[in-house]
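Have a go at each task before you read its solution.

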Amino acid sequence: MTLTVHYTAARTLTTAPASADRPAPGPGEVELAPAYVGICGTDLHIFHGDMDARVARPAVLGHEMSGRILRTGPGVTDWQPGDTVTVMPLRWDDTCPACHAGHRHICHNLDFIGIDSPGAMQQRWTVPASTLVRLPATLPLDQAALVEPTAVAVHDVGRAGVREGEKVVVVGGGPVGVLIALVAGSTGADVRVVELSAHRRKLAEDLGLTTWDPAAVDVPVLVQEWTGGAGADVAFEVSGAAAGVETAVEVLRVRGRLCLVAIHPRPRQMNLHRFFWRELTLVSARLYDRTDFETAVGLVAEGTIPAQRLISKVVPMTEAASAFTALEDGGDVMKILVDCGDDTQEAHA
């Protein structure tokens, strides 16, 4: 018997046996045994019912994952049962203008697997082999579940064009914000993290990052002192809050770059005069491409991203709902994983 976690209604998850008669993977497909699945902010939005117009129910969530191949379908030659993998959860149509321009990851008709189609929070999962990303055999699978959010950070830092020696402010010290700070730091940038939560500031500081509490200090004034009156080269807005937007704009130097990462639930006011006066640049960053994923695997495997220290808790599938509830206030946890492992996994060619 294998289990699947379903989202059925706002704040409602059910764990139930999956169909005993699973079809074999089709041409170009593989069947996986997910090991660990991370919960992200988008999953939390779904759990709250905010995305019911998009998500068909019952839905299987989860796109931050690691696991092993169980079976391969016809035509799959590059993968073998037992290989450890993660999934880049994007399926594009290859026909839209974005795809034709080389931007498949933001396809006009993108299928984000785990949102628009069934995700990884199940003990058997069939996906296109084209979505697989190989993991080093030595990388623990719980840590490998953080490859996907690390790929987000790699893409964000790339979109912002962060360079060695630049001053970077990350507004928002949740999982993605901390990952952005670590990735930016690995390029040689000098980074500061702005975060209200004392718990998250402490974790970031334990990882070697410098943090500021915006409730206790005047962040723009500190940036002026830090940069000799110039301002930061790059700011990342990861908080999703109106105050975060204001801070990210105010700290930038002449011709600084603001990278918008957070998904804001409603339109925000922005100081466009500041953009005009300082010739600022606004870029946005959404998702990732395969190169970002492969870079992220290396960063996690080599320990540049200390994935184990970012994992606050691991829960079994039967406690998935409690994991979502624990993430709601966001203050005392960073990343929670759902353990999807079972003792009956066998690999079949």
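This is a predicted model: local features need pLDDT of at least 70, side-chain atom pairs count only at pLDDT 80 or more; totals for chains, interfaces and linings use all residues.

**Exercise 1: a helix and its surroundings**

How far does helix α10 reach from its first C-alpha to its last?

Residues are numbered from 1 along each chain as its sequence is written, and side-chain values use heavy atoms, with hydrogens and water left out.

*Solution.* 
- Step 1: Helices (H or I, at least four residues) and strands (E, at least two) are DSSP runs, numbered from the N terminus. α10 covers residues 290-302, 13 residues in total.
- Step 2: Its span is 19 Å, close to the 18 Å expected at 1.5 Å a residue; the expected span is 1.5 Å times one less than the number of residues.
- Step 3: Now look at the ends. At the start, a side-chain oxygen of D289 comes to within 3.2 Å of the backbone nitrogen of T291. After the helix comes G303, with a positive phi near 90°.
- Step 4: Buried means under 20% relative accessible area, exposed over 50%, partly exposed in between (1.4 Å probe, protein chains only). In α10 that picks out D292, F293, A296, V297, L299 and V300 as buried.
- Step 5: The cover over those buried residues includes β5 (84-87), β9 (132-134) and α4 (147-160).

**Exercise 2: a glutamine in a loop**

Is Q123 buried or exposed, and which backbone atoms does its side chain reach?

*Solution.* 
- Step 1: Find Q123 in the loop between β7 (111-112) and β8 (125-128).
- Step 2: Its relative accessibility is 5%, so Q123 counts as buried.
- Step 3: Check for polar contacts (a pair of N or O atoms within 3.5 Å; within protein, one must be able to donate a hydrogen and the other to accept it, and residues adjacent in sequence count only if both atoms are side-chain atoms). The Q123 side chain reaches the backbone nitrogen of L3 at 2.8 Å, and one of its polar atoms lies 3.3 Å from the backbone oxygen of G341.
- Step 4: Compare sequence with space: Q123 and V5 are 118 residues apart along the chain, yet 9.2 Å apart from C-alpha to C-alpha.

**Exercise 3: salt bridges across the sequence**

How many salt bridges does a search of the whole structure find? Then trace a few of them.

*Solution.* 
- Step 1: A salt bridge is a side-chain nitrogen of Lys or Arg within 4 Å of a carboxyl oxygen of Asp or Glu. The search turns up 18.
- Step 2: Take R54 and D116, which meet at 2.7 Å, N to O. R54 sits in the loop between α1 (41-47) and β4 (64-72) and D116 in the loop between β7 and β8, so this pair ties together parts 62 residues apart in sequence. R54 is partly exposed at 44%, and D116 is partly exposed at 34%.
- Step 3: Next come E166 and R257, at 2.9 Å, N to O. E166 is in the loop between α4 and β10 (167-171) and R257 in strand β14 (residues 252-260), so the pair ties together parts 91 residues apart in sequence. Both E166 and R257 are buried.
- Step 4: Finish with a network of salt bridges, which links R22, E31 and R71.

Key
Contact means heavy atoms within 4.5 Å.
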